[in-house]
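Could you look over the points below with the model open beside you?

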Amino acid sequence: MDQTIMHLIGNAVAMVRGDDTKPDHTGNHNMATSDHLIFLVDVDNTLLDNDRYADDLTAQLDHAFGAEERERYWSIYKHRFEVHGYADYLGALQTFREACEKEQALLKMSAFLLEYPFTKRIYPGALKALEHLRTIGRTALLSDGDIVFQPRKIQRSGLWDAVAGEVMICVHKERELEAIQRRFPAAHYVMIDDKPRLLSASKRVLGQHLTTVFIRQGHYANAYERTTDEPAPDLCIEHIADLCDFTEEDFRDAASHAASAGHDRTA
C-alpha cells in the first residue's frame, strides 16, 4: 500500500485510540508537550442531543419493522451495553439482523445509522462554547463508544473539525485516565460531562488537578438528584452554552473550593 496512505491511516487511528505520541517533521514519534490547562468535553448529551437521536432511531425501527421488532432491537442494544459498557448501535443491528428477514429494510437502517444528520442535533450554543473554551486552553473531545460509529458521528456533526481533530474515544473514561493524561498531558484538567458518576470517579483519582463540570442535559441528568456519588461536581450548569460565561479563574477556583457548598452556577 502507498506509504502516504498508510501514514494517514496511522494518524487517524492514533487520534481515535488516544496514542500519547505525535509525529514530528521527520515522521518520528515524540512525547506530546504538556499544557497548563486542557478541557475534556464529552459529546453525547453534552454537545449533541443523543436522546433525540435515539427517539428518531426508535421511530425508524417502528416504521421499518414494527413495534415487536423495535423492542427486540433495543433489548439487544441494552444487553450489549451491559456487556461492553458503551453504546453499540451498529453491533446491535448486526445481531438484530440474524433473525430478521427484511433485507432491504436492514440496508436502509444501516444507511440511516451511518448517514444520520447529526449537525441537526448539536445543542444551541455548543459550537460557541467550544470556541470560548479554546480561547482559554487546549480543548479536546473525550467520548466513549465503539471505534466506527462514534467517530463517524463526531465527524458528521462537525464537532471533529470544531476542535481541529483533538478527539479521543474511550471504552470507559474513568478507567482510562492514565491513557488520557498521556494523550493530553496538562497541569490541570476541566472535565465537562452529563454523567455525574463518571465525574465523581475521575475526581477521586485526579483530585485538585481536575475541575468537574456537570451539565444538566439528557437522561442521566434527570436522575442526578437521586444519586449519592461523592465528591459532588465542582460546577453544575443547565446548558452547554452557559460555559461562555466562565473564565479560567472560575474553573480553577471551583476545583480549589470543591469541598464547599454552592457550586451550582447557571447563566
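Predicted model: local features only at pLDDT ≥ 70, side-chain atom pairs only at ≥ 80, totals over all residues.

1. Helix 2, spanning residues 50-65, packs against helix 5, residues 103-115, with the two axes 11 Å apart and an angle of about 170° between them. Because angles over 145 degrees count as roughly antiparallel, helix 2 is described as roughly antiparallel to helix 5. The crossing of these two helices is right-handed.

2. On the helix 2 side, this contact involves Y53, D56, L57, Q60, L61, A64 and F65, which meet A105, L106, M109, F112 and L113 of helix 5. By class, the residues of the contact between helix 2 and helix 5 comprise 10 nonpolar, one polar and one charged.

3. Helix 3, which covers residues 67-84, has an axis that comes within 9 Å of the axis of helix 4 (residues 89-97), and the two cross at roughly 125°. That angle makes helix 3 oblique to helix 4, and the crossing is again a right-handed one.

4. The residues that make this contact are E69, R72, Y73, W74, I76, Y77 and R80 from helix 3, together with Y89, G91, A92, L93, T95 and F96 from helix 4. Sorted by class, the contact of helix 3 with helix 4 has eight nonpolar, two polar and three charged residues.

5. Helix 5 also takes part in a contact with helix 7 (residues 149-157), where the axes come within 9 Å and cross at roughly 55°, which makes helix 5 oblique to helix 7. Here L113, L114 and E115 of helix 5 are in contact with F149, R152 and R156 of helix 7, and the residues divide into three nonpolar, no polar and three charged.

6. Which residues lie nearest the centre of the largest pocket? They are F81, D144, K195, H219 and Y220, out of a lining of 31 residues, and the pocket itself holds about 780 Å³ of space. Two or more lining residues come from each of helix 2, helix 3, helix 10 (196-206) and helix 11 (218-222).

Notes:
Residues numbered from 1 in each chain as written. Heavy atoms only, no water. Axes fitted to C-alpha atoms, helices over the stretch in contact; angles between N-to-C directions. Helix = DSSP H or I, 4+ residues; strand = E, 2+ residues; numbered from the N terminus. Parallel < 35°, antiparallel > 145°, perpendicular 65-115°, else oblique. Left-handed = near helix turned anticlockwise from the far one by under 90°. Contact = heavy atoms within 4.5 Å. Nonpolar A, V, L, I, M, F, W, Y, C, P; charged D, E, K, R; others polar. 1 Å grid on protein atoms, 1.4 Å probe; cavity = no way out; pocket = protein on both sides within 12 Å on 5 of 7 lines; lining within 4 Å. Points joined across faces, edges and corners; volume = space filled by probe spheres on them.
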